[in-house]
Every structure is written in structure tokens, then in C-alpha cells.
Amino acid sequence: MFAKAAVATGDGHFRIDTIEVNPPQTDEILVEVKAAGICHTDYDSLSWQKPLVMGHEGAGIVRAVGPDVTRFRPGDPVILNWAIPCGSCFQCQEGNQHICEVNSPVTSGNRASGGHAALERTTYRGQPIERAFSLGTLSTYTVVRQAAAVRITAEMPFPSAAIVGCGVMTGYGSVVNAARVKPGRSVVVLGSGGVGLNVIQGARIAGAGMIIAIDINANRLDMARQYGATHTIQADRADTGLLWAAQQVKTLTAGRGADYAFECTAIPELGAAPLAMVRNAGMAVQVSGIEQTISIDMNLFEWDKVYINPLYGQCRPDIDFPILQRLYETGALLLDELITRTYTLDELQMAFDDMLAGRNAKGVVVF
């Protein structure tokens, strides 16, 4: 069949064009995508120097299944998930499904991983084409491995389901799975964008006693309060390394610093900033995926501080996605409210512009 998709051309640009999608085979499923979240990673994929079908957050309806599929039937609503476990490699056996040595599109480097459905399932202009993060959700149809999907059991709209698949999971999981924030403890969140807001509500759900949001944008701090921030600090662009803001945090935490600090800005210069925010024996968490080389004053580690860099909130899709759905049903996890604006696929450039300008908590393409 034919599908309408956003195709990265490999030279820093994209086009909205027609791709060909072939029937699923083996353990693959054909999904009609109903909504796709917009993430900074989607914009970054324009610079990956290869053609691909864009998009890695999505939800939709299973329309066909391969002969080896056991988990789904046509008509099932699903959330797509890019941390696709193989279940048998060393990391999966260790419980680290998010860094599967066979299927992870991150740990496999710049190539189609084992979690990718066969390349020939999707062609563009007569040639097989890769799907971003083994998904390619910015397309009306996509073929994925069945392990890349989790059934939707809650009453939730597709746009809200779509954002669970990356930004929500990353923020919530960084708090609950990776840092394991304890009830009553103090938390600092640097950056109140889409991921930062989910760190904030993850900390609220975990029972944190104090949640301090730091952002340069006053409007984002207003949103942070809506999601659970108990205190806010408006940062100053002249505050190198957020050291002044760190002093404000210490003032709020009996002079010690917070128990946990989460960096959610993706600004390399702030990679060490969470270390300045936490007390001795506190934990700093690098959430935003900074990969550039940075310099760190080792005095910031004094004393007994821990710095971790979890991927995707240490997601275990078959465990975590049902939990997130239940939290949504109880009203503890805010998803509908996160979506500032929806777009058509033809408005993708506008969605990127709004994201880069910081206008949205979360933008979603709705098909």
C-alpha cells in the first residue's frame, strides 16, 4: 500500500512524500499511525546523513500481522516503543531491556538494528528505506516488530498515548526506575520542557517532598507548578553553570543541596550543573542525552556524589507502559494537558519551529 510520510533526505532537509509499505511478515505488524509526538531527536535525525522515514513517538491501530505474531490481532490499539528487547542478550538477561545489545537503535550505532523490521517492508522511490529508531512514526502506516508495540488498555486519546513512547517514559522512568527517588526527598529539575515536566510529575508521583524547577522561561515555570513543582527559580543567562541558582537551591534545602538533581536542558554547558545542585552523597541524573565533550570541575563531586546517565528512563515496555496507563486513568499522570498543539503532517516544519522556539510543552502530529 501507499503511505504519506515525512522522509529525511540525508542532507539536512525533509520532504512530505509517498512511500510504499509492504505486508508484514514473520513477527511483524502493520500499524496505522494515528498520532506521532514531535521530539528534538526527530529534528536531529535530519543531520544523520542518511535517508529515513522520520518519527519515533507514536500510537495507532494494528491493521495486519505476520504469521509468527502472537501478541496482537488486527484492530488492537497500540503504543509504539523504540526500546525493543530481544529478551536473550546479556543486557536483557540483566534486566536492561532499554540497552538491548541486539535490538536497540541507540547501542547498535548508525545502522538498522536487530529490532528493525526488514528494510524491504518499506521502500521509497524504488529503494528500501530505514525507519527512524526502527519505527518511522511520521507516516500514515508503518511496519514494526511486535516487540515494538504495547497494547493500549486505558481509555486515552491517541495523541496522549503517542507521547508515552519517549518523552513521558524518559522523564518518569529517570525518576522512578533510574534514580529511585524516595518519598519525602528533595528534587531539582533543570529545564521545564517536555521531558522536564515529566521528571517533575514523576517526582510528584514518587512522593518527593520538595520539587524545585529551574528554567530561564517564566512561562515554563508556570507549567512546572501545574505538574508538581513546589518551588521555582528563574535562571539567568549570565549564570554560568547555574552556580547562582545552585546557591538558591542550597538556601531552600538547609544549606546542603537537594537529594537529587535532573538535567533536562540538552545544553552541553549545563552537563555538570546538577552536580552543583545536590548535597554530599546526593545523585545527579543526566536525562537529556548530552553527548558532547564537556569539562567538569571534579570539586563538584565532593563528596560521595553519584552521577548517572540513564537511557530512556530504563524503560521496560511491557511493565512500564501499563503502569503509565494506570497512572493516567487515576489522574496522577497528566498527558492530555502536555499537548500544547496538534499539527497535520504537512505542518511538520511549523511543529519543528514551535518546538525549537520553546512554544510547546509537547507538539503532536495527528493523522
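Author: Let us begin with L327, which is found in helix α8 (residues 317–330), and keep in mind throughout that this is a predicted model.

Reader: What makes L327 count as buried or exposed?

Author: The relative accessible area of L327 is 16%, and buried means under 20%, so L327 is called buried.

Reader: Which residues is L327 in contact with, leaving aside its neighbours within four places in sequence?

Author: With those neighbours left aside, L327 is in contact with Y172, I205, A332 and L333. Of these, I205 is 122 residues apart from L327 in sequence, while the two C-alpha atoms are 8.9 Å apart in space. The word contact is used here for heavy atoms within 4.5 Å.

Reader: Why is L356 called partly exposed?

Author: L356 is found in helix α9 (residues 348–356), and its relative accessibility is 43%. Buried would need a value under 20% and exposed a value over 50%, so L356, at 43%, counts as partly exposed. Not counting residues up to four places away in sequence, L356 touches H40 and Y43. The C-alpha atom of I163, 193 residues apart from L356 along the chain, is separated from that of L356 by 17 Å.

Reader: Where is D27 found, and is D27 buried or exposed?

Author: D27 is found in the loop between β2 (14–21) and β3 (28–38). Its relative accessible area is 18%, and the cut-off for buried is under 20%, so D27 is buried. Leaving aside neighbours within four places in sequence, D27 is in contact with D68, V69, V144, R145 and Q146.

Reader: How do you know which strands are at the edge of the open sheet?

Author: The open sheet is formed by six strands in the order β8-β7-β2-β1-β4-β9, and the pairing is mixed. The edge strands are β8 (127–128) and β9 (130–131), each of which pairs on one side only. Within this sheet, β2 runs antiparallel to strand β7 (residues 122–124), and two bridges join them. In that pair, E20 stands opposite T123 in β7.

Reader: What is said of the phi of R125 and of S134?

Author: Most residues other than glycine have a negative phi, and most peptide bonds are trans. R125, in the loop between β7 and β8, has a phi near 55 degrees, a positive value in a residue other than glycine. S134, in the loop between β9 and β10 (141–145), also is not a glycine and has a positive phi of about 65 degrees. As for exposure, R125 has 59% relative accessibility and exposed means over 50%, so R125 counts as exposed. S134 has a relative accessible area of 3%, which is under 20%, and S134 is therefore buried.

Reader: Which peptide bond is cis?

Author: The peptide bond from E302 to W303 is cis, with omega near -5 degrees. W303 is found in the loop between β16 (278–286) and β17 (306–308).

Reader: What makes strand β13 mostly covered, and which way do its residues point?

Author: Strand β13 (residues 210–215) is mostly covered, with six of its six residues buried. M210, I212 and I214 point one way, I211, A213 and D215 point the other way, and all are buried. In a regular strand the side chains alternate between the two faces of the sheet.

Reader: Which strands are joined to β13 by bridges?

Author: Strand β12 (residues 186–190) runs parallel to β13, and five bridges join the two. The chain crosses from β12 through helix α4 (residues 194–206) to β13 in a right-handed β-α-β crossover. Four bridges join β13 to strand β14 (residues 231–234), and these two also run parallel. D215 stands opposite Q234 in β14. A right-handed β-α-β unit is made by β13, helix α5 (residues 218–227) and β14.

Reader: How many residues of each class line the second largest pocket?

Author: The lining has seven nonpolar, three polar and one charged residues. Among the lining residues are P268, E269 and S295, and the volume of this pocket is about 160 Å³.

Key:
Residues are numbered from 1 along each chain as its sequence is written. This is a predicted model: local features need pLDDT of at least 70, side-chain atom pairs count only at pLDDT 80 or more; totals for chains, interfaces and linings use all residues. Side-chain values use heavy atoms; hydrogens and water are left out. On a 1 Å grid over the protein atoms alone, a cavity is a set of points where a 1.4 Å probe fits but cannot get out, and a pocket is an open set with protein on both sides within 12 Å along at least five of seven lines; lining residues have an atom within 4 Å of a point. Grid points are joined across faces, edges and corners, and a volume is the space filled by probe spheres set on the points. Ala, Val, Leu, Ile, Met, Phe, Trp, Tyr, Cys and Pro count as nonpolar, Asp, Glu, Lys and Arg as charged, and the others, Gly among them, as polar. Buried means under 20% relative accessible area, exposed over 50%, partly exposed in between (1.4 Å probe, protein chains only). Two strands pair if DSSP finds at least two bridges between them. A crossover is right-handed if, with the strands pointing away from the viewer, the path from the first strand over the helix to the second runs clockwise.
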